[in-house]
Amino acid sequence: QLQASGGGLVQPGGSLRLSCAASGSIFRIDYMGWYRQAPGKQRELVASVAGGGSTNYGDSVKGRFTISRDNTKNAVYLQMNSLKPEDTAVYYCNVVSMLRGYWGQGTQVTVSS
């Protein structure tokens with residue numbers, strides 16, 4: 001029901017744009033967010049955007065990542081700039097619709113030279 005894409009291998013300092021689209025069975029989406037999980041670590045919030053447009057970012061990505069959403073497409077995006085090796089992780093999108101949460105399948109982001 002959530003399809004994420006855009007991950008890949010990028011050199012340090014590079015950029016990637018992640019996309020996540022919700023299927024038609026998910027509607028009236030309020031919260032949309034991106035989380036990541038690196039090997040051996042807990043899943044952590046990267047960025048989120050509420051229905052009213054307010055955004056929240058993890059401290060480690062502030063100033064480098066930008067989250068946005070397109071309500072007409074039920075989609076959320078994550079523009080990642082100035083990527084660092086420590087950004088390497090599986091990135092998951094998450095949406096909340098009518099008090100129910102949904103997770104995407106995850107997309108791998110690897111930052112390495």
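Predicted model: local features only at pLDDT ≥ 70, side-chain atom pairs only at ≥ 80, totals over all residues.

Residues are numbered from 1 along each chain as its sequence is written, and side-chain values use heavy atoms, with hydrogens and water left out.

Strands here are DSSP runs of E, at least two residues long, numbered from the N terminus. Two of them pair if DSSP finds at least two bridges between them. Strand β9 (residues 89-97) runs antiparallel to β11, and three bridges join them. I then checked β2 (residues 8-10), which pairs with β11 in the parallel sense, also over three bridges. On that side, L9 has T110 of β11 as its bridge partner.

Which residues of β11 are on its covered face? In β11 (residues 107-111) they are T107, V109 and V111, while Q108 and T110 make up the uncovered face.

**The disulfide**

I looked for cysteine sulfur atoms within 2.5 Å of each other, the cut-off for a disulfide. The count comes to one. C20 and C93 form it, with their sulfur atoms 2.0 Å apart. The link of C20 and C93 is right-handed, with 50° about the S-S bond. Why does this pair tie together parts that are 73 residues apart in sequence? Because C20 lies in strand β3 (residues 16-22) and C93 in strand β9.

Next I checked burial (buried is under 20% relative accessible area, exposed over 50%, partly exposed in between, with a 1.4 Å probe and protein chains only). C20 is buried at 2%, and C93 is buried at 0%.

**Rings around W103**

For aromatic pairs I used rings of Phe, Tyr and Trp (its six-membered ring) with centres within 6.5 Å; planes under 30 degrees apart are stacked, over 60 edge-to-face, and the rest tilted. The count is two. Y35 and W103 have ring centres 5.1 Å apart and planes at 65°, so I logged the pair as edge-to-face. Y35 lies in strand β4 (residues 29-37) and W103 in strand β10 (residues 100-103), so this pair ties together parts 68 residues apart in sequence. Y35 is buried at 18% relative accessibility, whereas W103 is partly exposed at 42%.

Y92 and W103 also form an edge-to-face pair, 6.5 Å centre to centre with 85° between the planes. Y92 lies in β9 and W103 in β10, so here the tied parts are eleven residues apart in sequence. Y92 is buried, at 15%. Y35, Y92 and W103 form one aromatic cluster.

I also checked for charges over rings (NZ of Lys or CZ of Arg within 6 Å of the ring centre and within 35 degrees of the ring normal). R43 lies over the face of W103, 4.6 Å from the ring centre. The charged end of R17 sits over the ring of Y77, at 4.3 Å from its centre.

**S48**

Last entry: is S48 buried or exposed? S48 is buried, at 8% relative accessibility, and its place is in strand β5 (residues 44-49). Counting contacts as heavy atoms within 4.5 Å, and leaving aside neighbours within four places in sequence, I found S48 in contact with Y31, M32, G33, S54, T55, N56 and I67.

Technical notes:
Helix = DSSP H or I, 4+ residues; strand = E, 2+ residues; numbered from the N terminus.
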